[in-house]
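Here is a short report on one protein model. Look over the structure before reading on.

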Amino acid sequence: MSGRDISLRRRLRYGVEFVVVFLLAAVFRALPFESASALGSVIARTLGPRLGVSRRAAHNIRRAMADKSEAEIKSIVRGMWDNLGRTAAEALHLGRRAVIEDQKRFEIVGVEHLDAMRDNGLGGILVTAHIGNWEAIGPLTFQRGIPLTTVYREANNPYVGWLLKNLRRATNGAHLVPKGAAGARGLIAALKNKDHLGLLVDQKLNDGIAVPFFGIDAMTAPALAQLAQRFAVPMIPIHCERLGGARLRIVVEPPLELSSGGSKEQNTFETMRRVNAHMEGWIRQHPEQWLWLHNRWPAE
């Protein structure tokens with residue numbers, strides 16, 4: 001088969017995937033918020049555990065939480081898919097002010113820390129992870145006058161990627177910068193302008209630094225600590241908890257202390273160790289709400 005034939009097949013596949021995603025998005029968006037969340041849960045809980053990638057999730061849980069029984073691991077994986085399906089469906093409603101402002105659906109704890117960062121005249125960095133409905137953080141901070149500059153990874157399907165980027169811009173006013181050198185320049189420019197970053201820092205970065213995560217060295221992006229130290233801005237932990245069904249709580253915590261007692265490299269490592277430990281605490285509280293699908297740790 002020629003390269004031209006392969007390219008044509010790929011474009012056709014991308015087109016079909018885009019149509020499927022677009023139609024599903026239209027269905028979810030047409031439903032009430034709670035109904036969309038419930039439908040997303042049913043689809044993900046039914047299909048997700050049957051996918052091969054679920055084996056990776058179970059393997060990760062065994063490595064990170066060795067005290068869990070096989071029955072508990074199976075329950076965590078099923079809960080992960082439930083949360084992921086709900087998160088995807090709910091994301092399509094997050095641009096609607098009536099949804100975001102409904103305190104029966106969303107509550108915020110520690111909002112004073114957000115307001116202090118907004119008003120400090122310095123900018124700041126929100127630190128979070130793929131837990132609960134992480135997509136809700138941007139719209140809720142935007143509502144409080146804190147649009148975020150965030151890093152995104154280009155989707156394999158460029159048509160679906162276009163759809164997702166426009167969705168995020170519409171729901172939270174985010175300035176999206178691509179992963180890589182261009183993204184790093186975008187983050188630096190935002191902090192120079194005293195703006196705010198929103199960084200998901202729980203994924204593997206092959207050229208990162210080895211930092212313990214659940215007691216196992218994991219390649220971790222050091223940029224968070226490096227940027228916070230360079231620009232002397234607060235680093236605010238924030239995460240989402242699913243309270244049940246489509247009810248969510250955003251928890252904002254006081255700024256994490258930056259390490260300053262050693263060399264630049266030592267300070268970066270120690271700061272990221274604190275960040276990883278903080279995220280580990282969130283995950284241990286609600287392991288079924290974290291996205292266990294990443295290749296977070298090196299192969300055994």
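## Contacts and salt bridges

Beyond its neighbours within four places in sequence, Ser-259 is in contact (heavy atoms within 4.5 Å) with Gln-229, Asn-267, Glu-270, Thr-271 and Arg-274. This is a predicted model: local features need pLDDT of at least 70, side-chain atom pairs count only at pLDDT 80 or more, and totals for chains, interfaces and linings use all residues. Residues are numbered from 1 along each chain as its sequence is written, and side-chain values use heavy atoms, with hydrogens and water left out.

Ser-259 has a relative accessible area of 10%, so Ser-259 is buried. Buried means under 20% relative accessible area, exposed over 50%, and partly exposed in between (1.4 Å probe, protein chains only).

Now the salt bridges. A salt bridge is a side-chain nitrogen of Lys or Arg within 4 Å of a carboxyl oxygen of Asp or Glu. The whole structure holds 16 salt bridges. Here are some of them:

| Salt bridge | N to O distance |
|---|---|
| Glu-90 and Arg-242 | 2.8 Å |
| Arg-118 and Asp-119 | 2.9 Å |
| Glu-270 and Arg-273 | 2.6 Å |

Both Glu-90 and Arg-242 are buried. What about Arg-118 and Asp-119? Arg-118 is partly exposed, because its relative accessibility is 31%. Asp-119 reaches 55%, so Asp-119 counts as exposed. A network of salt bridges links Asp-115, Arg-118, Asp-119 and Arg-144.

Arg-273 has a relative accessible area of 34%, so Arg-273 is partly exposed.
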